[in-house]
Amino acid sequence: MHRYPTVAEVTESARRLVSRFPGTGRLRRIGTSRAGRPIELLSVGHGPRHVLVVARPHPDEPVGGATALALAEWVAAGDRRSPATDPDAVTWDIVLCLDPDGAALSEGIEAATAGPDPTLARYYRAAFRPVAAEQPEWAPILGRRLPESSALFDTIDALRPVLQCSLHNVDAGGTWVQLTNDLPGLATPFAASASELGVPVQHGTYDALYWENPAPGIHVLPPPDSTARLAAGSENIGRSTWCAPQRYGGVTAIVEVPLWSTGTADDPAPHPDPAGALHRLSGLVREGGRQVTAVFDKARDFLPPAPDSPPGRVLEWMADDLYDLVADSWQPLTRQAESAPRAEDSPALTMAGISALEVVARRQPLRAAGLLLRLLDAADDPAAIALHHELTELFTTWCTDFETSLHLRPVPVPAQVELQTRTAVAAAECALRR
């Protein structure tokens with residue numbers, strides 16, 4: 001498949017697989033979303049040990065559905081090239097879409113990214129990403145237990161998986177894996193698959209800025225007593241669905257593959273001026289946030305109230321302090337770069353690491369602008385036309401700057417799916433050996 005499947009297509013393909021492999025595949029509902037949509041689990045195989053796969057935990061990251069189907073086909077066909085995919089030894093349990101409500105608000109993202117030359121503008125105009133407190137994997141950290149989170153927690157408690165594999169996309173950059181516990185042996189097959197498929201391995205990433213980094217692209221969650229656990233800071237990550245398998249000796253692997261690769265994602269060379277770059281990027285995210293928030297402020301009177309509008313809630317959340325939170329999270333790195341810049345001590349101070357932070361600085365205002373343009377499209381107030389024009393000019397400039405500054409290149413969907421599939425299987429092999 002050369003495009004991402006929709007949630008409906010993934011579900012229909014799962015039903016056909018169950019019909020083609022009677023007894024091997026089973027499809028059942030494990031929960032219901034806040035808006036009443038089903039959360040379905042496809043189980044393939046009958047082995048006593050379980051690998052749990054979670055697709056579409058973020059609705060703006062569409063690769064997981066395609067990877068879920070690829071994994072299910074591999075196991076259902078009885079392919080024993082890997083002990084992890086032997087259906088008599090291991091059962092693969094696949095959540096087809098963890099956030100179906102968010103996916104409904106991202107309808108169109110599959111079409112927007114189809115074809116050989118997808119653009120950032122089409123992607124950000126179609127993408128929807130909920131506030132952190134409405135993201136099923138993340139909400140428990142903030143003290144919320146969503147129905148989607150409960151469905152996943154209950155499934156983990158019932159299956160006690162040796163591995164949970166959470167399938168993610170990053171907008172731009174390289175590929176990497178975050179682990180709740182180390183999986184010795186994963187780095188080699190992961191790097192080999194990425195190389196064969198032409199996807200750079202990301203050296204340094206915002207998502208695991210202060211995690212342990214035993215190998216390029218492999219990041220391991222620090223122990224609970226560490227004070228530097230996440231880029232944006234969270235002492236409660238143990239409450240997340242990621243850490244739930246640890247109760248049973250299991251590990252979670254968060255597998256990120258890029259929609260677009262960047263020119264320096266795998267460049268380990270020291271950045272010539274990391275302190276200057278960090279100051280510039282902090283200013284970039286703050287100024288972009290200020291500009292999109294200024295347009296939002298002018299439109300508040302005629303837009304739907306935030307409590308009734310998921311995009312509005314995201315815009316309010318971002319306008320509150322998210323841009324500053326991102327920029328402030330880089331201050332320890334900036335101080336390090338100013339005092340004694342040593343790239344070997346911090347992958348974030350390399351060419352690759354700085355480019356990963358630039359992705360974050362550029363994408364935050366673009367996410368907000370794409371959502372606000374969607375709301376302005378639907379508004380019937382005369383002022384919406386002028387504001388739409390004002391924001392479109394910013395949005396177009398930001399997309400162009402993003403593409404040119406980081407030398408973006410689309411990663412073909414089949415390569416994303418193949419890399420994520422191989423990485424999930426390799427991680428399962430390592431987890432089964434623990």
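Me: Is Tyr123 buried or exposed?
Reply: Tyr123 is buried, with a relative accessible area of 2%. Keep in mind that this is a predicted model.

Me: And Tyr124, buried or exposed?
Reply: Tyr124 is buried, at 2% relative accessibility.

Me: How many aromatic pairs are there?
Reply: The structure has four. Tyr123 and Tyr124 form an edge-to-face pair, 4.9 Å centre to centre and 65° between the planes. Ring pairs also link Tyr123, Tyr124 and Trp260 into a cluster.

Me: Switching to H10. Which residues are buried there?
Reply: Leu333, Thr334 and Ala337 are the buried residues of H10, which covers residues 331–339.

Me: Why do they line one face?
Reply: Because they fall within an arc of 100° seen down the axis of H10. The face turned away from them carries exposed Arg335 and Ser339.

Me: What do the buried residues of H10 pack against?
Reply: Helix H8 (274–299) and helix H11 (351–378).

Me: How many cavities of 30 Å³ or more?
Reply: Two. Of its 13 lining residues, the closest to the centre are Val170, Ala172, Trp176, Thr205 and Ala356.

Me: Which element gives the largest share of that lining?
Reply: H11, with four residues. By class, the lining of the largest cavity has seven nonpolar, four polar and two charged residues.

Me: And the second largest cavity, what lines it?
Reply: Val292, Thr293, Phe296, Leu315, Ala319, Tyr323, Ala368 and Leu372. H8, H9 and H11 each supply at least two residues of this lining. Seven of the lining residues are nonpolar, one is polar and none is charged.

Terms used: Residues numbered from 1 in each chain as written. Predicted model: local features only at pLDDT ≥ 70, side-chain atom pairs only at ≥ 80, totals over all residues. Heavy atoms only, no water. Phe/Tyr/Trp six-rings, centres within 6.5 Å; stacked < 30°, edge-to-face > 60°. Buried < 20%, exposed > 50% of the residue type's maximum accessible area, 1.4 Å probe, protein only. Arc of directions from axis to C-beta. Contact = heavy atoms within 4.5 Å. 1 Å grid on protein atoms, 1.4 Å probe; cavity = no way out; pocket = protein on both sides within 12 Å on 5 of 7 lines; lining within 4 Å. Points joined across faces, edges and corners; volume = space filled by probe spheres on them. Nonpolar A, V, L, I, M, F, W, Y, C, P; charged D, E, K, R; others polar.
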